[in-house]
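I opened the notebook to log what I looked up in this model. The entries follow in the order of my checks.

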Amino acid sequence: MDNTEVLKPLKTWSHLSARRRKPSEYEVVSTNLHIRANGEPFELDPNVFLSQWYKKNCDASPLKHPDWNSFRDPDGLIYRTYNMMQDGGETYVRGLFDQFNEREHDKGLSPYWAGTLARLYTPSRYLFHTLQMCSAYLAQMAPASTISLCASFQGADSFRWLSHTAYRTKELSLAIEGKGFGVDERHYWENDIAWQGFRELMERTLTAYDWAECFVALNLVAKPAIEETVLRKLGEAASHNGDTLFGLVADAELADGVRHRRWASALVKLALDVPDNANVIKEWIAKWQPLADHAIDAFCTALPDVPDAAEKAKRSTLSFQHSLFDQ
Amino acid sequence: MAMLERMDWYDLARTTNWTPKYVQEDELFPPELSGSMGITLEKWESYDEPFKQSYPEYVNIQRQKDAGAYSVKAALERSKLYENADPGWISVLASHYGAIARQEYHASLSEARMARFGKAPGQRNMATLGMMDEIRHGQIQLFFAHEHVSKNRQFDWAHKAMDTNEWAAIAARHMFDDIFACRSATEIALMLTFAFETGFTNMQFLGLAADAAQAGDWTFSSLISSIQTDEARHAQIGGPMIPILIANGKKAEAQKFIDIALWRSWKLFSVLTGPIMDYYTPLKDRKQSFKEFMHEWIVKQFERSLIEVGLERPWYWDQLLDEIDWQHHGMHIGTWFWRSTIWWNSAAGVTPEERAWLEEKYPGWNETFGTVWDVITENVVEGRMEQTYPETLPVICNMCQLPINATPGPAWRARDVPLIHNNRRYHFCSEVCKWVFEQEPSRYEGHQTLVDRFLAGQVQPMDLGGALKYMGLAPGEIGDDAHQYAWADAARAERIKKAG
């Protein structure tokens, strides 16, 4: 062999060793993990269906960047720290469930508010499940493992929200009779006018198969709209109706949502390295926002005791979107 | 007690199917991604996962598992385990991490495909946890391997292998892409979780954990047995699919996908796991032979789980039983002979004591594979090292991407099973690999093996140096004999004694 240089052991992976500084545990276990040998999605016939799916919906996305692998989660979450954080979070939420159950919180709710919960809260497990599914799509399609990991953790968090809702649904069904808790959720989700906006928004977002359009529709439009409405505004209504527990649980979920916005903002910031991307993102927001606005309106119309709920929710969503371009 | 039990609310958390209105069912669940085989949403709702776990249980238990595995590593970091380990054991670690760590992460994307495109709500939830599990397995194995990068350049391959055209990496990608990464949600459930994880990962992780414990590598032992506890949960995603498929007239399809995955797993394990269990692991630390592990985990237990779900043994069962006796011995000779084309050091494992063990576990070994090692040993003893390296390329199977080989000796059975398809001649190691190809030729036909690429002039210059460059292997990381040929010392001493 003419190659006489004998490679020496390095301090870290060769792909990280060009830099001078010691990589963090996050970088060691999270960077450049997607397998794309020779530029092909799979080591099979290059024209197999899924290979074409990836080439179209990932590689040929209108959102371009020369180095998506340079994306870093601002929280630097890895699997190990995710579980530490969320085990703590669940200990807190389950503590709330325990204490409020102990003092028979649900029995003190008015029949009117119980009816609102049956209509506007417990069906949200369907909505949260669409977030879980859609985040899982983003995870499998994103062009860098550091993006996929954020999307995966977001999917797990959505399953967390769904689990809280399912738990509370059962509890409410035990405490309150005649409101259809645990029985009527699918009916409300599929038929009640309050839900049809979010249902349409999410059915369509779930079929936005370009990875970057999925990211924009899910993380920049749908999730902010859902968080501002189904968690925050419904939480405000709850506090006016003697339902302290709802707001505390929603706050715990919103903390996840704030984290999701941090990584989404960081990804937009990276994307804006390429000047054309600003327009790509803005056009997608413009395409999806009307569906989200319609969903916010439909839900907030049914929401009691929160004046201007829809306007405020839309304003918060908009201000998050504006912040993305002012970084 | 003011808390609900898990099962009080678990069913609600997996009652999440709804009827799409604004898009069609086939848009929401494209058949190629969901693998629904025309079975509609409501028919999947009877899906009932046997291993049930809720989100709060998951994050709690997983936090504790990680605390255990990471603390064993931390406690033993100064124990000089690596420095004192037998070189054969280091080779076990280097080959395992390179072939497995990134592929585990890769599997998280397939779990995500099930979480998105599975039509059974229980499957989507379990796959959400499975997606998290596979992130764990990718990350923790990268972290544990990373500890060794400053001592041995070959450990860079724990991260790098899957980005290269090294031949074992190609074989691993081809197989893993075929059984999960490039499959639909239903196929992933059958092929990755049911066929691969209930069978082969048990063997890799529990078998190797036993060997690691014997070898005193508590870090690795606790790591991979901890991983296996996750597999035990998410491996059960596939089983409950099968009654639904059978009830909807898709038994033959279910059987076919499982048969493909089991065979493909077998071939890869014959080159990666067989040699490390029967040759690399120090003799004193071997708990069982590869064949014994195969019989325990695959032949007995997997066969039972197949029958339990209403399926049959794969049609090639007799051939599998036959190959378990010999295939990995040939693969081992191949990886040792072509040792400069791998990212770990091959441990020959043929001292007189080791040969006696091989003969005991595989009666007839001395008369067959032993004769090849006799020649190699003589060349080593005589210092004819150039004859211990290859000058030609092997014929590679167009399915498993591995050299076609068989048992040497009087009953030499090497065969190439050819197939002409669309004017191209394909080579297969066996009728089964050819059968896999024929199930869906368009999946495989445009792929080129490493040797196809060499012959097509994609590897330049067309010599060993060019091949190593193409495979991403450079001096300092290319494989060598793990024990610097010390295994030939006994034969050398014998020779000197005779001469003297």
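**Entry 1: ground rules.** Strands are E runs of at least two. I also noted that this is a predicted model.

**Entry 2: a cis peptide.** I looked up the bond between B:Gln460 and B:Pro461. It is a cis peptide bond, with omega at about -15 degrees. B:Pro461 sits in the loop that connects helix H20 (450–455) with helix H21 (464–471) of chain B.

**Entry 3: positive phi at B:Lys80.** B:Lys80 is not a glycine, yet its phi is positive, about 60 degrees. I found B:Lys80 in the loop between helix H4 (55–76) and helix H5 (81–84) of chain B. Is B:Lys80 buried or exposed? B:Lys80 has 9 C-beta neighbours inside 10 Å, so B:Lys80 counts as exposed.

Entry 4: I turned to strand E1 (residues 417–421) and strand E2 (residues 424–428) of chain B. How many bridges join strand E1 to strand E2 of chain B? There are five, and the two strands run antiparallel. I checked one pairing: B:Val417 has B:Phe428 in E2(B) as its bridge partner. E1(B) and E2(B) form a hairpin with two residues between them. B:Asn422 counts as exposed because it has 9 C-beta neighbours inside 10 Å.

**Entry 5: B:Ile342.** I looked for this residue in the loop between helix H15 (317–337) and helix H16 (352–361) of chain B, and that is its place. Is B:Ile342 buried or exposed? A residue is buried if 20 or more other C-beta atoms lie within 10 Å of its own. B:Ile342 has 28 other C-beta atoms within 10 Å, so B:Ile342 is buried. I then listed its contacts, leaving aside neighbours within four places in sequence. They are B:Ala168, B:Thr335 and B:Gly479. I also logged a distance to B:Cys433, which is 91 residues apart from B:Ile342 along the chain. Their C-alpha atoms are separated by 24 Å.

**Entry 6: H6 and H7 of chain B.** Helix H6 (residues 87–117) and helix H7 (residues 121–146) of chain B pack at an angle of about 160 degrees. Their axes are 7 Å apart. Angles over 145 degrees count as roughly antiparallel, so H6(B) is roughly antiparallel to H7(B). The H6(B)–H7(B) crossing is left-handed. By class, the contact of H6(B) with H7(B) has 13 nonpolar, seven polar and five charged residues.

**Entry 7: H10 and H13 of chain B.** The crossing of H10(B) and H13(B) is right-handed. H10(B) contributes residues including B:Phe194, B:Phe196 and B:Phe200. Among the H13(B) residues are B:Phe257, B:Ile258 and B:Phe269. The contact of H10(B) with H13(B) divides into 14 nonpolar, five polar and two charged residues.

**Entry 8: H3 and H10 of chain A.** I moved to chain A. H3(A) and helix H10 (residues 244–271) of chain A pack at about 175 degrees, with their axes 10 Å apart. That angle makes H3(A) roughly antiparallel to H10(A). H3(A) supplies A:Gly89, A:Tyr92, A:Val93, A:Leu96 and A:Phe100. H10(A) supplies A:Leu245, A:Leu248, A:Val249 and A:Ala252. By class, the contact of H3(A) with H10(A) has eight nonpolar residues, one polar and no charged.

**Entry 9: the chain A–chain B contact.** I finished with the interface. Chain A gives 76 residues to the contact, and chain B gives 76 residues. On the side of chain A that touches chain B, the elements giving two or more residues include helix H3 (79–102) and helix H5 (124–141) of chain A. Which element gives the most to that side of chain A? H6(A) does, with 15 residues. I logged the classes on the side of chain A that touches chain B as 34 nonpolar, 20 polar and 22 charged.

Conventions
Residues numbered from 1 in each chain as written. Chains lettered and ligands numbered in written order. Predicted model: local features only at pLDDT ≥ 70, side-chain atom pairs only at ≥ 80, totals over all residues. Pairing = 2+ DSSP bridges. Helix = DSSP H or I, 4+ residues; strand = E, 2+ residues; numbered from the N terminus. Contact = placed C-beta atoms within 7 Å. Nonpolar A, V, L, I, M, F, W, Y, C, P; charged D, E, K, R; others polar. Buried ≥ 20, exposed ≤ 12 C-beta atoms within 10 Å, placed from the backbone. Axes fitted to C-alpha atoms, helices over the stretch in contact; angles between N-to-C directions. Parallel < 35°, antiparallel > 145°, perpendicular 65-115°, else oblique. Left-handed = near helix turned anticlockwise from the far one by under 90°.
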